[in-house]
Amino acid sequence: RSARFKGGSSPKHITTIDNRSDTVIAFEGFMDFLSFKTLEKQGDGRAVVDEPCDYIILNSVANMQRCLQRLGVYEHIYCFLDNDKAGMDGYGIVRNAYPSKAIDMSFRYKEYKDVNDCLIGRTKA
């Protein structure tokens, strides 16, 4: 991931990985998902979900409203969103829709902007 360039194609769609689980983990971007899977493989304590999970990658926090109905089928919704206003707002949307299911996991990497920065060890600016 480049610090100087952020590109993408439009329109951005949600990516889902269905493992037939009653638990889902939501990520803002695909790099965060890949970083999470790397941390998980390394046995890092930040990857704390030790059960089979489905995954939803928003590919933009602006897609949060679009995936709310899909999130409703899960018993647990772990949100690994960015430690910034957009990430907090995204978590707020999920929490308001599913207060007993939504779990904010950003505290696991609170000194970093996101899961990817946690993996590579960069602190928030």
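Here are a few notes on aromatic contacts, cysteines and a surface patch in this predicted model.

1. Ground rules. Local features need pLDDT of at least 70 and side-chain atom pairs count only at pLDDT 80 or more, while totals for chains, interfaces and linings use all residues. Residues are numbered from 1 along each chain as its sequence is written, and side-chain values use heavy atoms, with hydrogens and water left out.

2. Aromatics. Rings of Phe, Tyr and Trp (its six-membered ring) pair if their centres lie within 6.5 Å; planes under 30 degrees apart are stacked, over 60 edge-to-face, the rest tilted. That rule gives 9 aromatic pairs. In one of them, Phe-33 and Tyr-55 sit edge-to-face, 5.1 Å centre to centre with 65 degrees between the planes. Phe-33 is in helix H1 and Tyr-55 in strand S3 (residues 54-57), so the pair ties together parts 22 residues apart in sequence. Helices (H or I, at least four residues) and strands (E, at least two) are DSSP runs, numbered from the N terminus.

3. Burial. Buried means under 20% relative accessible area, exposed over 50%, partly exposed in between (1.4 Å probe, protein chains only). Phe-33 is buried at 8%, and Tyr-55 is buried at 6%. Both belong to one aromatic cluster that also includes Phe-27, Phe-30, Phe-36, Phe-80 and Tyr-109.

4. Cysteines. Searching the whole structure turns up 0 disulfides (cysteine sulfur pairs within 2.5 Å). The sulfur of Cys-67 has its closest cysteine sulfur in Cys-79, but at 8.6 Å that is too far for a bond. Cys-67 is buried at 1% relative accessibility, and Cys-79 is buried at 0%.

5. Leu-34. Leu-34 lies in helix H1 (residues 30-42) and is partly exposed at 39% relative accessibility.
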